[in-house]
Amino acid sequence: MTFDDFVINAGYTVLALNTLVFIISYNKKYKALKYFIMYLLLCLFIQFLSNILNSLNNYNLFLSHYFFIGQFIFLSLFFSSLIDFKKYKPFIFFLTFITAASFIIYLYNFPENLNRWSVLEIATTSIPLLFYSFFFFLKKIDDNKNRKYIYFNSGFFVYTLCSTLIFTLGNIGSRELKFYVWQFNSILYLIFQIMIFVEWYKNFRKPIRKEHNQLFASKNTD
């Protein structure tokens, strides 16, 4: 197994782990969490189906449209559910509906474009999410009490900013340069998934209850 294969497989493995632990730790009191889990499920499903199609030597480029549109919808709903975005919620809903509906209608009417790489789609669905992410950073700079989603947001901003540039400039440069760029993108993706795991561990992992520890301690002293 090459280093590149190891990084890619490690990224997929951590993604699957993240999806599992967040589902297990789901709590209805965190409104944004359900959209975050939907986003993780989307990523896992796209990666799983993409690998199957690739192993069968079938085209999987059409999955990129489902991913970018789905990511845009779920993460827009995720950010709009956070208290920091409360007064911007109607605008985010409107932008999400118009943008997603426009691309869905376009691809429905021109299905031949499903097997084509769409730089416009990538930029249009990624840039608003980067703005939301940056705004979230600004709101959390002086907030030392509520640190939820800060690790996810950090990884998401760096990875999405770099990957958006890579995807939109993918046809520029030599073949060797493209290889190293895509390898760098795989490493960033793995780091992003690790940051999501850190998010779960720091903010959503169910701690062992104090009374359980006391009970365990009392049994050992008997």
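Is the crossing of H4 and H5 left-handed or right-handed? In this predicted model, local features require pLDDT of at least 70 and side-chain atom pairs count only at pLDDT 80 or more, whereas totals for chains, interfaces and linings use all residues. Residues are numbered from 1 along each chain as its sequence is written, and side-chain values use heavy atoms, with hydrogens and water left out.

Helices are DSSP runs (H or I, at least four residues) numbered from the N terminus. Helix H4 (residues 89-109) packs with helix H5 (residues 119-140) at an angle of about 165°, their axes lying 11 Å apart; axes are lines fitted to C-alpha atoms over the stretch in contact, and angles run from 0 to 180 degrees between N-to-C directions. H4 and H5 are therefore roughly antiparallel, a term applied to angles over 145 degrees. The crossing of H4 and H5 is left-handed, that is, the near helix is turned anticlockwise from the far one by less than a right angle. To this contact (heavy atoms within 4.5 Å), H4 contributes Ile92, Leu95, Thr99, Phe103 and Leu107, and H5 contributes Leu120, Glu121, Thr124, Thr125, Pro128 and Tyr132.

H5 comprises 22 residues and reaches 31 Å from its first C-alpha to its last, close to the 32 Å expected at 1.5 Å a residue; the expected span is 1.5 Å times one less than the number of residues. Buried residues (under 20% relative accessible area, 1.4 Å probe, protein chains only) of H5 include Ile122, Leu129, Leu130 and Phe136. The buried residues of H5 pack against H3, H4 and helix H6 (150-168). H3 is mostly covered, with 14 of its 18 residues buried.

Methods
Buried < 20%, exposed > 50% of the residue type's maximum accessible area, 1.4 Å probe, protein only. Helix = DSSP H or I, 4+ residues; strand = E, 2+ residues; numbered from the N terminus. Parallel < 35°, antiparallel > 145°, perpendicular 65-115°, else oblique.
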